[in-house]
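Some labels used for this structure rest on cut-offs. The questions below ask how each label is reached.

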Amino acid sequence: MRPKRLVVSMPGLITAEGQESLLREFSGPLWKLVDTGQVSIVEPEPPYDVPELSLLGLDPSRFRIAQGPLTVSALGFDPPERSVHFHVSVGSLDREGAIQRLTRTDTEDWSRALVACKKLDTRTLTLLPCDDRNLGLVWEEGSLDTALVPFEEAIGRPFVSCLPEGDGEVILRRFVDDSVNILEAMDFNKRRLDEGLEPLNLLWPWGAGIREHLPNLAFRRGEPVQYESRDLRLSGLVRLFGYRHGDRREFGRPLAPDLARLADLTARYPVLVVLLQHLGEAVTKGRIDEAVQMLEEMADQWLLPASRMRPFQLVLLAPQAAGRGLALTWDSEAPLVGAKPFDERILDDRTIPVHHAWELVASVLS
């Protein structure tokens with residue numbers, strides 16, 4: 001009988017020097033697992049194109065996948081082969097002609113904008129909408145020989161200096177220009193300006209790529225795996241490799257994951273992989289007390305009850321964007337004795353085994 005397996009990645013669990021240690025707070029409720037589990041160092045990774053591949057148990061150095069195919073996949077579409085896929089960011093063009101980020105988007109305004117922007121569809125261009133402010137764009141018979149500026153790099157820069165260049169620049173520039181013309185004429189933008197908000201008047205395509213033929217990991221490894229997160233990129237990646245990802249809208253509110261749902265999914269699926277970004281978001285906002293409370297509730301309502309299933313394997317990942325991370329591996333059928341602490345004190349301990357995150361995940365999924 002194969003054990004139930006749960007992988008949980010929690011970026012932000014390792015706090016900076018001088019901050020309260022979330023790991024020590026977490027290890028308290030989980031002391032039974034920490035005391036009988038294997039603690040290891042997670043090797044820092046170079047800035048790969050798709051670091052999320054680690055959560056599929058794949059070496060991120062092996063694949064290059066653009067943002068566009070990830071977005072289109074996450075939105076649930078399967079366009080014609082060899083079509084070019086884009087991510088479309090929704091932004092604002094100010095009076096000086098500079099590109100700006102939106103600070104707020106009302107649901108009703110967004111719905112009206114989506115209906116109006118379907119006018120941008122042509123014989124070869126199709127806009128793919130979603131209700132969580134993420135858009136995809138498919139260009140049939142398109143070209144990758146086009147220079148595109150990612151939205152984050154375009155922020156604050158003049159609109160005219162960032163427009164697409166190369167093959168297809170005419171069709172893509174027309175798409176951008178038409179989005180401005182359509183959205184600027186909408187009544188809600190007049191209200192936004194009266195309220196001191198930036199207008200919602202720009203659709204910006206970037207991250208062009210073609211969907212490559214990728215291995216079906218569920219078939220290759222011989223069993224399905226369920227993924228849960230609020231992350232658009234991971235959702236698209238999981239689908240491209242033949243696994244399943246839950247509805248991102250059901251994962252929970254910011255700073256409040258739906259722990260009852262995660263506990264139910266852990267019991268339901270033989271293998272569950274969860275990316276939980278709430279802790280990092282709480283730490284970034286300086287809401288340490290809420291992060292500590294979240295950890296205690298995670299232990300009491302989800303992880304400890306799950307550990308009572310037999311047989312059961314758990315991998316907790318605490319990665320860092322830069323620098324070493326930590327991992328805890330626990331096996332109900334092979335408890336250890338005299339395990340190391342699961343916190344920042346051992347990051348420089350040379351007696352601790354060192355692994356890449358993808359290797360630890362692969363050991364569970366393979």
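**Labels and their cut-offs**

Q: Why are H3 and H9 called roughly perpendicular to each other?
A: The axes of H3 (residues 67-74) and H9 (residues 232-240) cross at roughly 80°, and angles of 65 to 115 degrees count as roughly perpendicular; H3 and H9 are therefore roughly perpendicular. This is a predicted model, in which local features need pLDDT of at least 70 and side-chain atom pairs count only at pLDDT 80 or more, while totals for chains, interfaces and linings use all residues. Residues are numbered from 1 along each chain as its sequence is written, and side-chain values use heavy atoms, without hydrogens and water.

Q: Which residues of H3 and H9 meet?
A: On the H3 side they are Gln67, Pro69, Leu70, Thr71, Ser73 and Ala74, and on the H9 side Leu232, Arg233, Ser235, Gly236, Leu237, Arg239 and Leu240. Contact means heavy atoms within 4.5 Å.

Q: What makes leucine 255 count as buried?
A: Its relative accessibility is 14%, and buried means under 20% (exposed is over 50%, partly exposed in between, with a 1.4 Å probe and protein chains only); leucine 255 therefore counts as buried.

Q: Where does leucine 255 lie, and between which strands?
A: Leucine 255 sits in the loop between strand S12 (252-253) and strand S13 (256-257). Apart from neighbours within four places in sequence, leucine 255 is in contact with His278, Glu281, Ala282, Arg287, Glu290 and Met294.

Q: Which residues make the contact of H4 with H7, whose axes come within 10 Å?
A: Asp109, Arg112 and Ala113 of H4 and Phe188, Arg191 and Arg192 of H7 make the contact.

Note on methods. Axes fitted to C-alpha atoms, helices over the stretch in contact; angles between N-to-C directions. Helix = DSSP H or I, 4+ residues; strand = E, 2+ residues; numbered from the N terminus. Parallel < 35°, antiparallel > 145°, perpendicular 65-115°, else oblique.
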